[in-house]
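Today I'm opening this chain and jotting down what I look up.

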Amino acid sequence: MGARSHCNINFLLLVLLFSVLLSKCSSIRFGPVVVHVQNDIEGYEVALDYHCFSDDDDLGHRMLHQGEEWHWKFRVIPGATFFMCDMRWYDNWNYRWYDGKFEVYYANGLIGNRFNGFCGGNCQWSIRRDGAYLYRKDRREWQRRGEWH
């Protein structure tokens, strides 16, 4: 076998390795992601007070009235993009406050960004009386991802 044959075999092995890595890394998302938060809490004039943030971005304190939605867009840095939301609301039926802290997007590594698998580039959150629900596109259903305290 000559040097040229070794070169061809090395090239084919490199292409094969690259193909395997690409298939394993299919959950990597470099494009923009949109996170939607909607107040679906049933009750009398229930307003949702919330504050969403990451290590790099503070999106400020906001208020959503029943049926209102707010969203933001960002680019993912694999292994580094992480958004949390502190939320609270007053229950006019039971006369008490509810609060919770929810992870709304997390690119947890170069391989295996679970939120990309859950919702792709469009994560929809429905905030309800019993917790925060994420629409799972992979399952085509709402999944409760957090409860109130």
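Predicted model: local features only at pLDDT ≥ 70, side-chain atom pairs only at ≥ 80, totals over all residues.

Residues are numbered from 1 along each chain as its sequence is written, and side-chain values use heavy atoms, with hydrogens and water left out.

Which cysteines does Cys52 tie up with, and how far apart are the sulfur atoms? Cys52 bonds to Cys85, with the sulfur atoms 2.0 Å apart. Cys52 sits in strand S2 and Cys85 in strand S5, so this pair ties together parts that are 33 residues apart in sequence. I got my strands as DSSP runs numbered from the N terminus (E, at least two residues), and helices likewise (H or I, at least four). The torsion about this S-S bond is about 105 degrees, so I wrote down right-handed.

Buried or exposed, I asked about Cys52? Cys52 is buried at 1% relative accessible area, and Cys85 is buried too, at 0%. Buried means under 20% relative accessible area, exposed over 50%, and partly exposed in between (1.4 Å probe, protein chains only).

The other disulfide joins Cys119 to Cys123, S to S 1.9 Å. Its torsion is about 45 degrees, so Cys119 and Cys123 also make a right-handed disulfide. Both of these cysteines are buried. Counting bonded cysteines along the chain, I get the pattern 1-2, 3-4.

Next I checked the sheet around S2 and S5. Four strands make an open sheet in the order S3-S2-S5-S6, with antiparallel pairing. S3 (58-64) and S6 (96-106) are the edge strands, each pairing on one side only. Two strands pair if DSSP finds at least two bridges between them. S2 (residues 48-53) pairs with S3 over five bridges, and His51 stands opposite His61 in S3. S5 (residues 82-91) pairs with S6 over 10 bridges, where Met84 faces Glu103. The S5 and S6 hairpin has four residues between the strands, and Tyr95 there takes a positive phi near 55 degrees.

Last, I zoomed out. The chain has two helices and nine strands, running α-β-β-β-β-β-β-α-β-β-β from the N terminus. Buried residues make up 37% of the 149 residues.

Definitions and conventions
Disulfide = S-S within 2.5 Å.
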